[in-house]
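Here's a quick briefing to read alongside the model. Have the 3D view open and follow along topic by topic.

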Amino acid sequence: MNLALFDLDNTLIVGDSDTEWPKFLIKRGILDPDHHARQNDYFYEQYKAGTLDIHEFLDFQLTPLTRFSRDELDTLHAQYMAEHIRPIIPQKARDLLASHFAQGDVVMIITATNRFITAPIARELGVEHLIAVELEEDADGNFTGKPTGTPSFQEGKITRLQQWLAARGETLASYEKVFFYSDSRNDLPLLSIVSNPVAVDADDALRAHAEAHGWPVITLRD
């Protein structure tokens with residue numbers, strides 16, 4: 001049996017679900033556009049450079065979730081999926097997932113974006129297993145604005161994957177092949193330990209690394 005791991009943002013979708021969510025809220029007048037545009041640009045430049053402070057980013061990203069009940073957030077998310085996410089899922093991504101499903105592989109999305117945003121996207125793509133940033137909830141099930149556990153970012157993806165495997169009584173060696181598809185230099189730690197790393201619509205740093213190491217470089221853009 002094989003394990004097929006997929007990054008989400010700019011890999012399975014043509015865009016970043018972390019930045020599409022505030023765009024959606026701004027469009028509805030929920031967030032201040034100037035402030036969030038500046039902050040999004042600030043953090044995205046850090047992300048592209050591989051220097052993002054994940055905890056500083058999460059403080060910024062998660063705060064808007066505290067302003068709504070879970071029912072309100074779920075209603076907003078359904079609209080967000082329809083307007084911002086489904087239109088940026090390329091058919092080639094769905095086809096690649098389908099090929100792994102057809103082979104009986106265990107398929108997982110492993111992302112640095114939080115579970116609230118990404119769990120419905122994983123369901124849309126038919127992916128059962130998801131590792132994402134976990135969110136703290138209060139006694140009523142509403143979000144506190146704080147993450148819990150190890151953020152699944154850079155080396156944290158390895159930590160979280162190892163925890164998931166251990167809970168199943170497995171290691172990476174339990175699988176004949178372990179694929180990991182990603183676009184980002186931030187995923188080089190995990191890409192470097194799997195048997196089948198694949199660069200997907202890669203940033204410049206990842207593309208150069210992939211070409212130097214003979215990794216496949218593919219596109220999922222339609």
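Where is Asn 10 found? Asn 10 sits in the loop between β1 (3-6) and α1. Keep in mind that this is a predicted model.

- Asn 10 has a phi near 60 degrees, a positive value in a residue other than glycine.
- With a relative accessible area of 15%, Asn 10 is buried.
- Asp 201 also has a positive phi, near 45 degrees, and again the residue is not a glycine.
- You'll find Asp 201 in the loop between β6 (196-200) and α9.
- Asp 201 counts as buried because its relative accessibility is 18%, and the cut-off for buried is under 20%.

- Helix α1 (residues 17-27) has eight of its 11 residues buried, so it is largely enclosed by the rest of the structure.
- The buried residues are Ser 17, Asp 18, Thr 19, Glu 20, Trp 21, Pro 22, Phe 24 and Leu 25.
- The cover over those buried residues includes α2, α3, α4 (70-85), β2 (106-114) and α6 (115-124).

**α1 against α4**

- α1 and α4 pack at an angle of about 110 degrees, and their axes are 10 Å apart.
- The two helices are therefore roughly perpendicular to each other, as angles of 65 to 115 degrees count that way.
- On the α1 side, the contact is made by Ser 17, Glu 20, Trp 21, Lys 23, Phe 24, Leu 25 and Lys 27.
- On the α4 side, Leu 73, Leu 76, His 77, Gln 79, Tyr 80, Glu 83, His 84 and Ile 85 take part.
- Sorted by class, this contact of α1 with α4 has seven nonpolar, four polar and four charged residues.

**α2 against α3**

- Helix α2 (residues 33-49) packs on helix α3 (residues 54-62) at an angle of about 155 degrees, with the axes 11 Å apart.
- That angle makes α2 roughly antiparallel to α3, since the cut-off for the term is over 145 degrees.
- The crossing of α2 past α3 is left-handed.
- From α2, the residues in contact are His 35, His 36, Gln 39, Asn 40, Tyr 42 and Phe 43, and they meet Glu 56, Phe 57 and Phe 60 of α3.
- By class, the contact of α2 with α3 comes to four nonpolar, four polar and one charged residues.

**Nonpolar cores**

- The largest nonpolar core has 51 residues, and the members touching the most others are Phe 6, Leu 12, Trp 21, Ile 109 and Leu 125.
- Leaving aside residues up to four places away in sequence, Leu 125 touches Leu 8, Leu 12, Ile 89, Arg 94, Leu 97, Phe 101 and Ile 109.

**Ala 210**

- Ala 210 lies in helix α9 (residues 204-213).
- Is Ala 210 buried or exposed? Ala 210 counts as buried, because its relative accessibility is 0%.
- Setting aside residues up to four places away in sequence, Ala 210 touches Ala 199, Trp 215 and Val 217.
- From Ala 210 to Asp 138 it's 72 residues in sequence, and 43 Å in space, C-alpha to C-alpha.

How values were computed. Residues numbered from 1 in each chain as written. Predicted model: local features only at pLDDT ≥ 70, side-chain atom pairs only at ≥ 80, totals over all residues. Heavy atoms only, no water. Axes fitted to C-alpha atoms, helices over the stretch in contact; angles between N-to-C directions. Helix = DSSP H or I, 4+ residues; strand = E, 2+ residues; numbered from the N terminus. Parallel < 35°, antiparallel > 145°, perpendicular 65-115°, else oblique. Left-handed = near helix turned anticlockwise from the far one by under 90°. Contact = heavy atoms within 4.5 Å. Nonpolar A, V, L, I, M, F, W, Y, C, P; charged D, E, K, R; others polar. Core = buried A, V, L, I, M, F, W, Y, C linked by side-chain atoms within 4.5 Å. Buried < 20%, exposed > 50% of the residue type's maximum accessible area, 1.4 Å probe, protein only.
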